[in-house]
Amino acid sequence: MTPAGTISGADGAGAKVGYPSIWRPAYAYVPGRSPRHDDDLFDPIKATVTPGPADLSRSQVWRMGLDFLTDGYFWESHELLESVWMACPPNSAESLLVRAIIQYANAGLKWEMGRPAAAARLLGLAEAMGRDAFGRGGVVILGLRQDDLDQLAKTVSVRQNVKNIAL
């Protein structure tokens, strides 16, 4: 792992590097609690996706999607990562890994929405998808290792546990 809250990836480079990866929306969207972002807000970032696993792992949209997840922008992370998932080869280890990470984002969002049972179910799904992805794809997928995915899972789980303690 690199500095607090970043995912190192197999290349050793942290996800939180360079501009404009530091940009964040004014707030994290939570349905029922905050206004939804404009539909086109993320279009310039999504446009950085390029087909092919090697290019996807270096794309701005991939890195920012991971950053948004670790920073608690769960809905926003899902929005970005969905474009990465759609660029993955169908039924590939890469596709499965991105789906797992999207489910971690969904779990975080469900927790923020006050739906802990749904969050727990999604965490289980994400974990199973991640295991399957690495079982199919080897040690490194889209620049991430299993321990990087485990750290993403902990990020979501720890946020839930901290909120429980604060209540």
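This is a predicted model: local features need pLDDT of at least 70, side-chain atom pairs count only at pLDDT 80 or more; totals for chains, interfaces and linings use all residues.

Guide: Helix 5 packs against helix 6 at an angle of about 165°, and their axes are 8 Å apart. Angles over 145 degrees count as roughly antiparallel, so helix 5 is roughly antiparallel to helix 6. Their crossing is left-handed. Sorted by class, the residues in the contact of helix 5 with helix 6 are 16 nonpolar, 4 polar and 5 charged.

Now for the core. The largest nonpolar core holds 43 residues, and those with the most contacts inside it are W62, L69, L97, V98, I101 and Y104. Two or more residues come from each of helix 3, helix 4, helix 5, helix 6 (116-137) and helix 7 (146-166). Of these, helix 5 gives the most, with 11 residues. As a general point, nonpolar side chains in soluble globular proteins tend to be buried together.

Leaving out residues up to four places away in sequence, Y104 touches L69, L123, A126, E127, L149, A153 and V156. L69, one of those partners, is also among the residues with the most contacts inside the core.

Helix 3 (residues 60-70) packs with helix 4 (residues 74-87) at an angle of about 155°, and the distance between their axes is 8 Å. That angle makes helix 3 roughly antiparallel to helix 4. The crossing here is left-handed. On the helix 3 side, the contact is made by V61, W62, M64, G65, L66, F68 and L69, which meet F74, E76, S77, L80, L81, S83 and V84 of helix 4. By class, this contact has 10 nonpolar, 3 polar and 1 charged residues.

Finally, follow the chain onward from helix 4. N91 sits in the loop between helix 4 and helix 5 (93-112). With a relative accessible area of 70%, N91 is exposed, because the cut-off for exposed is over 50%. N91 and A133 are 42 residues apart in sequence, yet their C-alpha atoms are 9.8 Å apart in space.

Definitions and conventions
Residues are numbered from 1 along each chain as its sequence is written. Side-chain values use heavy atoms; hydrogens and water are left out. Axes are lines fitted to C-alpha atoms, for helices over the stretch in contact, and angles run from 0 to 180 degrees between N-to-C directions. Helices (H or I, at least four residues) and strands (E, at least two) are DSSP runs, numbered from the N terminus. Angles under 35 degrees count as roughly parallel, over 145 as roughly antiparallel, 65 to 115 as roughly perpendicular and the rest as oblique. A crossing is left-handed if the near helix is turned anticlockwise from the far one by less than a right angle, and right-handed if clockwise. Contact means heavy atoms within 4.5 Å. Ala, Val, Leu, Ile, Met, Phe, Trp, Tyr, Cys and Pro count as nonpolar, Asp, Glu, Lys and Arg as charged, and the others, Gly among them, as polar. Buried means under 20% relative accessible area, exposed over 50%, partly exposed in between (1.4 Å probe, protein chains only). A nonpolar core is a set of buried Ala, Val, Leu, Ile, Met, Phe, Trp, Tyr and Cys residues joined through side-chain atoms within 4.5 Å.
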